[in-house]
Amino acid sequence: MAGTNSERELLTEGPAIILAFPQLGENIGMVARAMANFGLSELRLVNPRDGWPSEKARSAASRADHVIDNAKLYGSLEEAIADLNFVYATTARDRDGYKPVRSPIVAARELRNRFTAGQATGIIFGRERTGLTNEEVSLADEIVTFPVNPAFASLNLAQAVLLMSYEWMKTGMGSEEETSFQAIAQHPATKEQLQGLVDHLEEALDARNYFRPADKKPKLMENLRAVLTRPSFTESEIQVLRGVVSSLDRFTRENPRGSAAPALSRKALGGCEDD
(Lines give C-alpha, C1' and ligand atoms only; values in the text may rest on other atoms or scores of the structure.)
Protein backbone atom coordinates (compact mmCIF):
# COMPACT_ATOMS: atom_id res chain seq x y z
CA MET A 1 0.00 0.00 0.00
CA ALA A 2 1.29 3.47 -0.84
CA GLY A 3 2.77 5.25 2.14
CA THR A 4 3.57 2.18 4.26
CA ASN A 5 7.17 1.36 5.14
CA SER A 6 7.92 -1.64 7.34
CA GLU A 7 11.51 -0.46 7.83
CA ARG A 8 10.49 2.70 9.70
CA GLU A 9 9.40 3.01 13.33
CA LEU A 10 5.75 2.09 13.95
CA LEU A 11 4.22 4.52 16.43
CA THR A 12 1.87 2.79 18.88
CA GLU A 13 1.03 5.03 21.79
CA GLY A 14 -1.46 7.57 23.03
CA PRO A 15 -5.08 7.50 24.19
CA ALA A 16 -7.40 4.57 23.68
CA ILE A 17 -10.03 5.03 20.98
CA ILE A 18 -13.36 3.75 22.32
CA LEU A 19 -16.16 3.04 19.86
CA ALA A 20 -19.48 2.82 21.69
CA PHE A 21 -21.86 0.46 19.90
CA PRO A 22 -20.40 0.80 16.37
CA GLN A 23 -22.54 -0.62 13.60
CA LEU A 24 -20.60 -1.54 10.44
CA GLY A 25 -17.40 -3.57 10.37
CA GLU A 26 -16.18 -1.41 7.50
CA ASN A 27 -16.40 1.68 9.69
CA ILE A 28 -14.38 -0.01 12.43
CA GLY A 29 -11.75 -0.90 9.86
CA MET A 30 -11.54 2.66 8.59
CA VAL A 31 -11.20 3.86 12.19
CA ALA A 32 -8.28 1.45 12.65
CA ARG A 33 -6.65 2.83 9.52
CA ALA A 34 -7.07 6.43 10.72
CA MET A 35 -5.58 5.50 14.08
CA ALA A 36 -2.57 3.81 12.48
CA ASN A 37 -1.98 6.83 10.24
CA PHE A 38 -1.31 8.98 13.28
CA GLY A 39 0.34 6.59 15.72
CA LEU A 40 -2.61 5.40 17.81
CA SER A 41 -3.08 1.68 18.35
CA GLU A 42 -5.40 0.91 21.27
CA LEU A 43 -8.91 0.26 19.97
CA ARG A 44 -11.74 -0.63 22.35
CA LEU A 45 -15.11 -1.80 21.03
CA VAL A 46 -18.35 -1.73 23.00
CA ASN A 47 -20.85 -4.25 21.64
CA PRO A 48 -20.30 -3.84 17.88
CA ARG A 49 -23.64 -4.54 16.20
CA ASP A 50 -22.30 -6.92 13.55
CA GLY A 51 -20.08 -8.88 15.93
CA TRP A 52 -16.35 -9.28 16.34
CA PRO A 53 -13.92 -10.28 14.87
CA SER A 54 -14.88 -8.90 11.46
CA GLU A 55 -13.24 -9.63 8.12
CA LYS A 56 -14.92 -6.54 6.69
CA ALA A 57 -13.16 -4.48 9.33
CA ARG A 58 -9.81 -6.09 8.56
CA SER A 59 -10.22 -5.44 4.84
CA ALA A 60 -11.19 -1.79 5.36
CA ALA A 61 -8.25 -1.30 7.75
CA SER A 62 -5.81 -1.45 4.80
CA ARG A 63 -3.09 -3.35 6.69
CA ALA A 64 -3.57 -1.64 10.05
CA ASP A 65 -3.57 -5.21 11.36
CA HIS A 66 -1.78 -4.33 14.59
CA VAL A 67 -4.80 -2.23 15.56
CA ILE A 68 -7.39 -4.82 14.48
CA ASP A 69 -5.57 -7.77 16.06
CA ASN A 70 -5.26 -6.07 19.44
CA ALA A 71 -8.76 -4.57 19.59
CA LYS A 72 -10.52 -5.29 22.90
CA LEU A 73 -14.20 -6.13 23.21
CA TYR A 74 -16.39 -4.85 26.09
CA GLY A 75 -19.97 -5.42 27.12
CA SER A 76 -20.61 -1.88 28.33
CA LEU A 77 -19.11 1.59 28.07
CA GLU A 78 -18.53 1.61 31.82
CA GLU A 79 -16.33 -1.50 31.48
CA ALA A 80 -14.46 -0.02 28.52
CA ILE A 81 -13.32 3.06 30.47
CA ALA A 82 -13.00 1.53 33.94
CA ASP A 83 -9.17 1.51 33.97
CA LEU A 84 -8.72 4.96 32.44
CA ASN A 85 -7.82 8.09 34.42
CA PHE A 86 -9.25 10.69 32.03
CA VAL A 87 -11.75 10.45 29.17
CA TYR A 88 -13.16 12.75 26.50
CA ALA A 89 -16.56 12.25 24.87
CA THR A 90 -16.96 13.49 21.29
CA THR A 91 -20.14 15.14 20.11
CA ALA A 92 -21.30 17.57 17.43
CA ARG A 93 -24.50 18.53 19.29
CA ASP A 94 -25.13 21.00 22.11
CA ARG A 95 -25.41 19.20 25.43
CA ASP A 96 -27.09 20.25 28.64
CA GLY A 97 -24.75 19.87 31.59
CA TYR A 98 -21.72 21.28 33.31
CA LYS A 99 -18.85 19.52 31.58
CA PRO A 100 -16.12 21.64 29.97
CA VAL A 101 -16.22 21.67 26.17
CA ARG A 102 -12.87 21.67 24.37
CA SER A 103 -11.70 22.10 20.80
CA PRO A 104 -9.73 19.20 19.26
CA ILE A 105 -6.33 20.88 19.60
CA VAL A 106 -6.92 21.83 23.25
CA ALA A 107 -8.16 18.32 23.99
CA ALA A 108 -5.17 16.77 22.24
CA ARG A 109 -2.74 18.89 24.26
CA GLU A 110 -4.45 17.84 27.48
CA LEU A 111 -4.24 14.19 26.43
CA ARG A 112 -0.54 14.60 25.60
CA ASN A 113 0.18 16.18 28.98
CA ARG A 114 -1.62 13.40 30.81
CA PHE A 115 0.05 10.73 28.68
CA THR A 116 3.45 12.21 29.49
CA ALA A 117 2.50 12.13 33.18
CA GLY A 118 1.77 8.40 32.90
CA GLN A 119 -2.03 8.57 32.98
CA ALA A 120 -4.26 6.26 30.96
CA THR A 121 -6.60 8.25 28.73
CA GLY A 122 -9.29 7.65 26.14
CA ILE A 123 -11.65 9.28 23.64
CA ILE A 124 -15.20 7.99 23.25
CA PHE A 125 -16.97 8.02 19.88
CA GLY A 126 -20.64 7.16 19.50
CA ARG A 127 -22.83 5.29 17.04
CA GLU A 128 -22.62 6.17 13.37
CA ARG A 129 -26.24 7.37 13.18
CA THR A 130 -27.00 8.88 16.56
CA GLY A 131 -23.70 9.42 18.34
CA LEU A 132 -23.56 9.23 22.13
CA THR A 133 -26.52 9.53 24.47
CA ASN A 134 -26.49 12.13 27.25
CA GLU A 135 -26.02 9.33 29.76
CA GLU A 136 -22.96 8.06 27.88
CA VAL A 137 -21.51 11.57 27.61
CA SER A 138 -21.94 11.93 31.37
CA LEU A 139 -19.39 9.13 31.89
CA ALA A 140 -16.62 11.29 30.42
CA ASP A 141 -14.59 13.98 32.17
CA GLU A 142 -14.90 16.54 29.39
CA ILE A 143 -16.42 17.01 25.94
CA VAL A 144 -14.56 17.60 22.68
CA THR A 145 -16.36 18.99 19.64
CA PHE A 146 -15.20 19.89 16.16
CA PRO A 147 -15.40 23.26 14.39
CA VAL A 148 -17.68 22.23 11.55
CA ASN A 149 -20.38 23.82 9.41
CA PRO A 150 -23.21 24.37 11.94
CA ALA A 151 -25.77 23.55 9.25
CA PHE A 152 -24.00 20.29 8.35
CA ALA A 153 -22.22 19.05 11.45
CA SER A 154 -22.53 15.29 10.97
CA LEU A 155 -19.16 13.55 10.68
CA ASN A 156 -18.40 10.06 9.46
CA LEU A 157 -17.11 7.92 12.37
CA ALA A 158 -13.70 7.39 10.80
CA GLN A 159 -13.45 11.10 9.94
CA ALA A 160 -14.05 12.04 13.56
CA VAL A 161 -11.39 9.59 14.75
CA LEU A 162 -8.97 10.82 12.10
CA LEU A 163 -9.39 14.45 13.16
CA MET A 164 -8.63 13.65 16.80
CA SER A 165 -5.77 11.32 15.84
CA TYR A 166 -4.26 14.06 13.67
CA GLU A 167 -4.41 16.60 16.48
CA TRP A 168 -2.81 14.04 18.80
CA MET A 169 0.06 13.52 16.36
CA LYS A 170 0.62 17.28 16.04
CA THR A 171 1.09 17.68 19.80
CA GLY A 172 4.08 15.33 19.63
CA MET A 173 5.86 17.25 16.87
CA GLY A 174 8.70 19.66 17.49
CA SER A 175 6.90 22.45 15.62
CA GLU A 176 3.85 22.99 13.43
CA GLU A 177 6.18 23.26 10.41
CA GLU A 178 7.70 19.80 10.95
CA THR A 179 7.13 17.18 8.24
CA SER A 180 7.85 13.46 8.07
CA PHE A 181 10.33 13.87 5.21
CA GLN A 182 12.19 16.67 3.48
CA ALA A 183 12.75 17.54 -0.15
CA ILE A 184 16.17 16.65 -1.56
CA ALA A 185 18.56 19.58 -1.32
CA GLN A 186 18.99 21.35 -4.65
CA HIS A 187 21.70 23.76 -5.82
CA PRO A 188 20.49 26.89 -7.60
CA ALA A 189 21.61 27.07 -11.20
CA THR A 190 24.37 29.50 -12.03
CA LYS A 191 23.76 32.33 -14.48
CA GLU A 192 26.15 30.58 -16.84
CA GLN A 193 24.02 27.42 -16.78
CA LEU A 194 20.86 29.45 -17.33
CA GLN A 195 22.41 31.31 -20.24
CA GLY A 196 23.48 27.98 -21.68
CA LEU A 197 19.84 26.87 -21.65
CA VAL A 198 18.76 30.10 -23.37
CA ASP A 199 21.47 29.72 -26.03
CA HIS A 200 20.50 26.08 -26.54
CA LEU A 201 16.86 27.01 -27.08
CA GLU A 202 17.73 29.89 -29.36
CA GLU A 203 19.87 27.66 -31.60
CA ALA A 204 17.18 24.96 -31.74
CA LEU A 205 14.50 27.51 -32.60
CA ASP A 206 16.69 29.21 -35.17
CA ALA A 207 17.22 25.89 -36.92
CA ARG A 208 13.44 25.55 -37.27
CA ASN A 209 12.93 29.11 -38.50
CA TYR A 210 10.90 29.96 -35.41
CA PHE A 211 11.84 33.64 -35.37
CA ARG A 212 9.61 35.03 -38.10
CA PRO A 213 9.77 37.80 -39.13
CA ALA A 214 13.46 38.14 -38.32
CA ASP A 215 13.16 41.65 -36.92
CA LYS A 216 11.00 40.32 -34.10
CA LYS A 217 13.67 37.93 -32.87
CA PRO A 218 15.16 40.32 -30.23
CA LYS A 219 11.74 40.82 -28.61
CA LEU A 220 10.89 37.11 -28.76
CA MET A 221 14.23 36.24 -27.13
CA GLU A 222 13.65 38.90 -24.49
CA ASN A 223 10.30 37.32 -23.65
CA LEU A 224 11.79 33.82 -23.65
CA ARG A 225 14.61 34.90 -21.35
CA ALA A 226 12.10 36.53 -18.98
CA VAL A 227 10.09 33.29 -18.79
CA LEU A 228 13.16 31.14 -18.13
CA THR A 229 14.66 33.39 -15.46
CA ARG A 230 11.46 33.73 -13.43
CA PRO A 231 11.31 30.28 -11.71
CA SER A 232 14.86 30.31 -10.16
CA PHE A 233 15.80 26.95 -11.68
CA THR A 234 18.08 24.48 -9.93
CA GLU A 235 21.01 22.78 -11.66
CA SER A 236 19.09 19.53 -12.08
CA GLU A 237 16.09 21.36 -13.58
CA ILE A 238 18.35 23.04 -16.14
CA GLN A 239 19.70 19.59 -17.06
CA VAL A 240 16.18 18.25 -17.50
CA LEU A 241 15.15 21.13 -19.77
CA ARG A 242 18.27 20.88 -21.89
CA GLY A 243 17.67 17.16 -22.21
CA VAL A 244 14.20 17.92 -23.53
CA VAL A 245 15.55 20.40 -26.08
CA SER A 246 18.23 17.91 -27.19
CA SER A 247 15.60 15.20 -27.60
CA LEU A 248 13.39 17.47 -29.71
CA ASP A 249 16.44 18.44 -31.76
CA ARG A 250 17.55 14.87 -32.45
CA PHE A 251 14.30 12.96 -32.82
CA THR A 252 11.03 13.41 -34.70
CA ARG A 253 7.57 11.96 -34.26
CA GLU A 254 8.24 9.71 -37.22
CA ASN A 255 11.59 8.55 -35.79
CA PRO A 256 11.38 8.73 -31.99
CA ARG A 257 14.12 7.88 -29.56
CA GLY A 258 14.83 4.16 -29.52
CA SER A 259 13.66 3.54 -33.07
CA ALA A 260 15.94 2.35 -35.86
CA ALA A 261 17.87 4.97 -37.79
CA PRO A 262 15.57 6.60 -40.34
CA ALA A 263 15.85 4.92 -43.70
CA LEU A 264 17.22 7.01 -46.52
CA SER A 265 14.75 7.76 -49.22
CA ARG A 266 15.09 5.98 -52.53
CA LYS A 267 15.69 9.35 -54.16
CA ALA A 268 18.64 9.99 -51.80
CA LEU A 269 20.03 6.61 -52.84
CA GLY A 270 19.81 7.55 -56.51
CA GLY A 271 16.71 5.50 -57.19
CA CYS A 272 13.34 6.55 -58.52
CA GLU A 273 10.22 7.18 -56.55
CA ASP A 274 7.21 5.06 -57.29
CA ASP A 275 4.65 6.71 -59.52
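I began with strand β1 (residues 16-20), which four bridges join to strand β2 (residues 43-46), the two running parallel. Strands here are DSSP runs of E with at least two residues, helices are runs of H or I with at least four, and both are numbered from the N terminus. I noted that isoleucine 17 has leucine 43 of β2 as its bridge partner.

This is a predicted model, where local features need pLDDT of at least 70, side-chain atom pairs count only at pLDDT 80 or more, and totals for chains, interfaces and linings use all residues. Residues are numbered from 1 along each chain as its sequence is written, and side-chain values use heavy atoms, without hydrogens and water.

Next I checked confidence: mean pLDDT (the predictor's confidence in each residue, from 0 to 100) is 84 for the chain, with 86% of residues at 70 or more.

I then traced the whole sheet, which is open, has seven strands in the order β3-β2-β1-β6-β4-β7-β5, and pairs in parallel; pairing takes at least two DSSP bridges between two strands. β3 (72-74) and β5 (101-102) are at the edges with a single partner strand each, so one side of each has no neighbour in the sheet.

Which residues of α8 are buried? I found Leu194, Gly196, Leu197, Val198, His200, Leu201 and Ala204, buried meaning under 20% relative accessible area (1.4 Å probe, protein chains only). Their cover includes α9 (217-229) and α10 (235-250).

Note on methods:
Buried < 20%, exposed > 50% of the residue type's maximum accessible area, 1.4 Å probe, protein only. Contact = heavy atoms within 4.5 Å.
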